[in-house]
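Please read these notes with the structure open beside you. They take the ligands, the cavities and the aromatic pairs in turn.

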Amino acid sequence: MSKILITGGAGYIGSHTIVELIKKGFDVVSVDNYFNSIPLTYERIEALTGVEIPNYEIDLRNLADLRKIFTDHTDIKGVIHFGALKSVPDSVAHPDFCFDNNNNATNNIGKLCLEFGVKNIIFSSSCSVYGNVEPEDLPVTEATPLKRAESPYAYSKQNGEVMYRFMTDVYDLNVICLRYFNPVGAHPSGELGELPSKRVNNLVPVITQAAAGVRPHFTVFGSDWNTRDGSCIRDYIHVVDIAHAHIKGIELQLEGKTEGKFDIINLGNGDGVSVFEAINAFEKSSGVKAPYEVGPRRAGDVESIYSKPEKAKNVLGWEPQYSIDDMMSSAWKWQLKLEELGLNKTEL
Ligand code: NAD
Ligand code: WQD
């Protein structure tokens with residue numbers, strides 16, 4: 001079966017994608033320097049799949065070191081490039097570091113794919129590339145014009161997409177950019193979930209941490225938005241659904257069935273869910289209260305953003321399988337597993 005290189009394989013989405021790739025019979029090699037992950041993730045993958053994943057602890061910015069992976073594995077058929085720093089507030093605080101990391105990693109993967117004749121790349125992009133969308137832009141489709149990037153992080157994703165588009169114009173290279181909306185949840189078994197090395201700020205882990213008593217409460221960022229219940233609306237999508245879309249994408253590329261050499265596809269459910277609705281879904285599916293207080297709006301938040309997932313359905317033959325209740329119940333299972341593993345800290 002084809003060998004796929006996963007960058008950022010110890011990370012949240014990378015690890016769930018590795019599990020699904022293994023299930024489909026792919027060989028996987030991973031590279032991750034644990035900027036935002038820990039080696040234990042590979043043990044969790046092995047516990048679920050029985051497969052030990054070879055990881056190269058290499059910084060994606062280091063072209064010479066990275067080349068070693070390609071010389072060791074001349075049979076790599078595609079790269080799924082997750083490796084990036086994803087924290088929006090960190091990118092605002094340290095734009096230079098974000099650009100240095102994300103842009104160099106993306107450039108290096110492109111360069112080495114050319115050098116070693118690897119023709120297929122799936123690039124992790126993000127709904128943040130759309131910028132501050134207006135209500136009349138909703139739901140967001142791939143044709144929705146990109147606005148000014150609101151953060152260095154968002155700009156690094158716009159940049160990656162543009163660079164790969166220009167590369168596919170002139171080289172024998174196929175790239176699919178998948179723009180994820182809000183990936184949440186964990187493997188339904190409860191054996192794998194997000195294991196970051198840095199503190200998390202995203203809504204769902206913050207809810208589960210508050211429910212588990214790891215943090216006393218969390219803050220709902222604003223209840224005065226112009227939405228049905230005053231809280232912000234997002235398009236939450238189960239991480240395993242995201243993983244499945246990557247398999248569909250890489251299969252399409254390997255079978256030579258992509259329509260062109262470059263494509264962009266949104267990955268969302270298409271449903272807008274408010275913060276209060278997400279909290280209710282969590283409490284209903286877990287039977288546990290998540291203590292919160294309502295606070296002021298968070299700088300940089302947009303009021304509402306959700307996708308129209310038609311293109312993913314038509315091009316990838318992909319449709320999300322998991323509901324918001326599944327997302328919340330799997331996230332809760334994982335929070336309980338973290339406790340069992342002695343890893344239930346706010347840093348995680
Ligand atoms: P993550 O932080 O859990 O995983 C990213 C992994 O990349 C980490 O394990 C990190 O250690 C590794 N990494 C970062 N820089 C590296 C470097 N220079 N060298 C080697 N390894 C490096 O993040 P995630 O949630 O799994 O996100 C995966 C991808 O999807 C990222 O590109 C992210 O920007 C993108 N994305 C994520 C979300 C989300 O909400 N999780 C949404 C849209 C897009
Ligand atoms: C979701 C909603 C908050 C925490 C980010 C990136 C985006 C993409 C996905 C990478 C918002 C509210 C949150 C809390 C809250 N990532 N919230 N209290 O900001 O939609 O998107 O992750 O590409 O680019 O910007 O995700 O999970 O932080 O927030 O009320 O403690 O929950 O205001 O409405 P966000 P999030």
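1. The shell around ligand 2 is made up of 10 nonpolar, six polar and three charged residues. Here Ala, Val, Leu, Ile, Met, Phe, Trp, Tyr, Cys and Pro count as nonpolar, Asp, Glu, Lys and Arg as charged, and the others, Gly among them, as polar. Of the 19 residues around this ligand, S126, Y153, T219, R234 and D301 come nearest; a residue is near a molecule if one of its heavy atoms lies within 4 Å of it.

2. A word on the source. This is a predicted model, in which local features need pLDDT of at least 70 and side-chain atom pairs count only at pLDDT 80 or more, while totals for chains, interfaces and linings use all residues. Residues are numbered from 1 along each chain as its sequence is written, chains are lettered from A and ligands numbered from 1 in the order in which they are written, and side-chain values use heavy atoms, with hydrogens and water left out.

3. L203 uses a polar backbone atom, 2.9 Å from an oxygen atom of the ligand. The protein covers 87% of the 680 Å² of accessible area that ligand 2 has on its own (Shrake-Rupley method, 1.4 Å probe).

4. α7 (203-211) and β8 (218-221) each give at least two residues to the shell around ligand 2, and the largest share, three residues, comes from β8. Helices (H or I, at least four residues) and strands (E, at least two) are DSSP runs, numbered from the N terminus.

5. Ligand 1 has 27 residues around it, of which D32, S37, F82, N101 and Y153 come nearest. A backbone N or O atom of Y12 lies 2.8 Å from an oxygen atom of ligand 1, and a polar backbone atom of L60 is 2.9 Å from a nitrogen atom of the ligand. The protein covers 96% of the 820 Å² of accessible area that ligand 1 has on its own. Elements that give two or more residues to this shell are α1 (12-23), β5 (120-126) and α6, with the largest share, three residues, from β5.

6. How many cavities of 30 Å³ or more does a search of the whole structure find? There are two. A cavity is a set of points, on a 1 Å grid over the protein atoms alone, where a 1.4 Å probe fits but cannot get out, and its lining residues have an atom within 4 Å of a point. The volume is the space filled by probe spheres set on the points, which are joined across faces, edges and corners.

7. The largest cavity has a volume of about 70 Å³, and β6 (174-180) and β11 (262-267) each supply at least two residues of its lining.

8. Nine aromatic pairs are found in the whole structure (Phe, Tyr or Trp rings, using the six-membered ring of Trp, with centres within 6.5 Å; planes under 30 degrees apart count as stacked, over 60 as edge-to-face and the rest as tilted). F99 and Y155 form an edge-to-face pair, 5.7 Å centre to centre with 85° between the planes. F99 lies in helix α5 and Y155 in helix α6, so this pair ties together parts that are 56 residues apart in sequence.

How values were computed. A polar contact is a pair of N or O atoms within 3.5 Å; within protein, one must be able to donate a hydrogen and the other to accept it, and residues adjacent in sequence count only if both atoms are side-chain atoms. On a 1 Å grid over the protein atoms alone, a cavity is a set of points where a 1.4 Å probe fits but cannot get out, and a pocket is an open set with protein on both sides within 12 Å along at least five of seven lines; lining residues have an atom within 4 Å of a point.
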